[in-house]
Structure formats: C-alpha cells, structure tokens
Amino acid sequence: MMDKWINNNTISKILALAVAVMLWGMVHLDTGTPSSTLTVSYDNKVIDNVGIQASGLDESKYVLATMDTDHVRMEVRGQRSVLTSFFADSYQAKLNLSGLGAGTRTLALEPDLPDGVELVSMTPNRVTVTIEEKQTKTFNVSIVPKGNPDAGLQLGKPVVTPQTVKVTLPKSQLSTVTAVQGAVDTDGITEKFEQKRVKLRAYNKKGQELTGAVIEPSTVSVEIPVSQQAKSVPVKIVYTGDLPDGLALSKVSTNVKEAAVYASQDVLSSLSSYVTATLDLSQFTEAGTRTVQANLAAPAGSDKIEPGSIQIEVTVVPSNQVTDTERTLSGIPIALQGAGDGTTATITAPASKMMDVTVKGPQDMVSNLTNDDISLVADVSGLAPGQHEVTLQVGLPKYIAQAGNADQLKATVNIVGPSTPTVTSPSNENESNPSGSGDKGQERHEEGQNGQGGYSDANSGGNAAAEDKTSPHNGAASSANGTPENSQP
C-alpha cells in the first residue's frame, strides 16, 4: 500500500512542496530580526558610619581600652534591587582580636557584607587599638543615706554585709577609684532601716561613676539603726503684764516639770538649759486659784517639742496675806560691765569672783530658786584707771527681792587703760566663794542684758527686777525644777 503512495506521482509532488515550504521558513526565521533579551542593572552605593565589630578578645583578662575610630566608610556594588533591600546596619567591619594581649597595635579590618554585594572600597581599612590588662582590687563599701528621717530621729552608722567588695577595671582606671558606694532612701523612715539588695557603684575623686567597673558582689545588704534625738530640759515661766494693786502671787506650779526637745545634735548641744512658757499676769483680776494653758516656745532650729503646751496653776492672794521667806544662795558669779574701748577691768576681790546673795519673797517661789535665776554685775562705766570698790547690781526674778545687808555686795575692780600699768591687789580669800568663775559670771551678765533678769541696786535695797515683765528667771517657774538646791536660812 505504502509502495503505491510513494510511486504515485501526485503524492510525491505534494510531499516535495511541503518540504520546500518548511526549508524556506527555516531560512527566513534565522535571518530575521532577533528577539529582545532581559537586561540586568548594577549600581554603586556609599554607606557612611559603618560600625566596627571587635571580637576574639579574652575579656576575662583584657579590655579594649582605645580604638582610633569606631566606624568606617564603605563603597559597595551590586544589583540595584539587592542594594535597596538592605539597611545600613547590615554592613559591618570586623576586627579580629583573637590571641592578642596588652599593647598598642594597628590591625586590618575585614568587611562583612550582605549576600550579592561586593566591596569597592573601605576607608579606613586599618585601625589602631590599645589593649589593657584588667586588674582587681578590694575596696570598703560605704553607704550614702538620701533623705531625712522623721523629726526627732537620728540615723546611726550603717551596717553593711559584706563590708568589702572586689572591683575589676583596666589598670589605668582602677587607680582612680576612690569610693565604692550604695545609695539608700531614708526619707521619712520611723524605725530601723533594712534593705537586702543595695546596688553598688564605683566613683573617682570627682564623684564621677566608672561605668565599666565590674563589682563583685554587685549588691550588699544594709541596716541603719534609728534613734531618737531629743533632750529633756526644765520648763520655765516668762511673765508679762502686772497684777492689780493689792494682789500678789502666792504660788505658781505646772503639771509638767520638763519638756523633750527634738532636734539635731548641733542644736541640742547649744540648747539653753530650759524652755519657756509665757504667763500674762494681767488676766488675773481677783484673788483665787486658776489653771490656765500656755504654749511652750520651741527653741530655734528644733524639729518639735513635747508637750507643746502645759497647764499652769496660779494662786493669787491679797498682798497683805503673803508672808515672805528668806534664803541665801551661794556662789553667784560676778560679771563685769561698762569697760570702755581699750580699757581692761579685772575683779581682784573676791578672788573667786563669786558672792552669796540672800533673797526674800513668797515661800513657794523662794524655795525653788536656783543660781541661774540670779545675776551679779559690777558696772565700771566711767571709772578711771586704778582700783575701785564697786557696789554690785543684783538681777532677780519677779516678786523676789534682795534681803540682808546690801552693803556687803561689793567687789574690788582693777581698771587698766591703754597705757596704764596693771595694779596688783592682794586676794581676800575671806570674801571669796570656792566655786565658779568670772567667765561664767560674764555669761550670766550677758544673759541679764538680753532681757532675762533685772538688777537691784545694793545701796538702796530696791528690787528693780520686780519691774522686769519678760524675765524667765522667776521663782514661779522654778517650781517646775524640783527640790531647791539650797535650804532656807
């Protein structure tokens, strides 16, 4: 059958035509316009501030102290699509410090680039580094309280556990460490402070923290004892106003004998020997016994005073019903007053610069007087250089008068001018009292000059102090002080 097809002339012609057409088409396809191909684009990119990543250093022994630069500039090349797909932090310059010890050296940097990116240039391509050896030293721990405890409380010495720690730093920095400290907040605490984990920091002499310091252990336990900071002082009465004519004080007593003053140690150490309450006598217009309330004056610089007020029981009687009693107080220091510029005054007799003073007044007041309630002053105003016998002025509380022989209250004073030689007088031991000092007398005189006591002229026997409305040196107030030091004569 196939033979008949092949031998058929018509079929052969048709086959030949088909083959010819195919050949023609193949020839024309090879010589025609070539098809277009895909084009790939490459770009360059500059990346500034590429970080340098150091690795391989034995950090248990060494520290990278300095490096002359911590970044480089890279120019890279790659396909545009690749370059735009990475951020700047995908590029790094690596610094290999493996096996290196202390010293300064210059090392090559190795680029670390994303896949598909190649380096064109890197500036700089080398870096100079200094490696320092670490050292460890033991330091004592100190604790710094920040804040203030409640009023009247004082912080004790902190108890730290452990008391010492080890600090590791490069040798050059370790020598600058001056303190290892922890800070604790003590604001408003009322009882013993305890904190188990107080973080420590190392500081240099400028108070700057050394942030790279390794402290072992890094925290400590802290306990701070808290104690009351107070002082008990007697209560005194300060009088203002006057009783009407015909009335006199018979007795003044308080329900509180002492008050507690809370303050810092500096304030307490300089605190006067008493605190005051003011009693206005003008409010008592008739005889009888009344109880009034008065506030205690908190001393300057104190935090608080307890109690803040007291009850004062006051007994007023007709003047003709008051029976005076007498009492002698020994060892009252003599103070000097009135020496001019360039003039020196010295008490030569009595040698002790003290004298006894006899006073009289209501029994309750007199029995509670103390030496602090009385002052003696030798006024040398206007006296020429040389020796003088000076009548002493006596400062007494309200309603207390001088008794006895006023002429005995005299002192011998030597006055030396700018060019006058000192005159020495024999001491009269019989006039002296064996205790006390002139310095103390001077202090008492200054106290009297500041409104804390009046003066009585010994020549006249009058009691100028009875007119002192504000004197805290008063017998009535002394009832808060307990048993008198001297018995009545």
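The structure is a predicted model, in which local features require a pLDDT of at least 70 and side-chain atom pairs count only at pLDDT 80 or more, whereas totals for chains, interfaces and linings use all residues. Residues are numbered from 1 along each chain as its sequence is written, and side-chain values rest on heavy atoms, with hydrogens and water left out.

The secondary structure of the protein comprises 7 helices and 33 strands, where helices (H or I, at least four residues) and strands (E, at least two) are DSSP runs numbered from the N terminus. Of the 489 residues of the protein, 37% count as buried; here buried means under 20% relative accessible area, exposed means over 50%, and partly exposed lies in between, with a 1.4 Å probe and protein chains only. Among contacts (heavy atoms within 4.5 Å) between residues at least 6 apart in sequence, 76% join residues at least 24 apart.

An open sheet of 3 strands is found in the order β26-β32-β29, with antiparallel pairing, two strands being taken as paired if DSSP finds at least two bridges between them. The edge strands of this sheet are β26 (344–349) and β29 (386–391), each of which pairs on one side only. From one strand to the next the twist averages 35 degrees, the axes being lines fitted to C-alpha atoms (for helices over the stretch in contact) and the angles running from 0 to 180 degrees between N-to-C directions. Strands β26 and β32 (residues 410–416) run antiparallel and are joined by 5 bridges, and Ala349 has Thr412 of β32 as its bridge partner. In general, the strands of a sheet pair through backbone hydrogen bonds, in either a parallel or an antiparallel sense.

Antiparallel pairing is also found around strand β24 (residues 309–318), which is joined to strand β19 (residues 247–254) by 7 bridges. In this pairing Leu247 stands opposite Pro318 of β24. Strand β22 (residues 288–295) pairs with β24 as well, in the antiparallel sense and over 8 bridges, with Gly288 opposite Val316 of β24.

The largest nonpolar core contains 53 residues, of which Leu249, Leu279 and Ile312 touch the most other members; such a core is a set of buried Ala, Val, Leu, Ile, Met, Phe, Trp, Tyr and Cys residues joined through side-chain atoms within 4.5 Å. When neighbours within four places in sequence are left aside, Ile312 is in contact with Ile237, Val252, Ser253, Thr254, Leu279, Arg290, Thr291, Val292 and Ala294.

A search of the whole structure finds 5 salt bridges, a salt bridge being a side-chain nitrogen of Lys or Arg within 4 Å of a carboxyl oxygen of Asp or Glu. One of them links the side chains of Asp43 and Arg80, with an N to O distance of 2.6 Å. Asp43 belongs to strand β1 (residues 42–55) and Arg80 to helix α3 (residues 80–83), so this pair ties together parts that are 37 residues apart in sequence. Asp43 is partly exposed, with a relative accessible area of 22%, and Arg80 is likewise partly exposed, at 48%.

A further salt bridge joins the side chains of Lys94 and Asp112 at 3.8 Å, N to O. Because Lys94 lies in strand β4 (residues 92–96) and Asp112 in strand β6 (residues 110–112), the pair ties together parts that are 18 residues apart in sequence. Lys94 counts as partly exposed at 42% relative accessibility, and Asp112 is partly exposed with a relative accessible area of 28%.

Asp373 and Lys236 also form a salt bridge, their closest N and O atoms being 2.8 Å apart. Asp373 is placed in the loop between α6 (363–366) and β28 (375–379) and Lys236 in strand β18 (residues 230–240), so the pair ties together parts that are 137 residues apart in sequence. Both Asp373 and Lys236 are buried, the relative accessibility of Lys236 being 4%.

Strand β18 also holds Ser232, which counts as exposed at 51% relative accessibility. Leaving aside neighbours within four places in sequence, Ser232 is in contact with Glu258, Ala259 and Ala260. The C-alpha atoms of Ser232 and Ile305 are separated by 9.7 Å, although the two residues are 73 residues apart along the chain.
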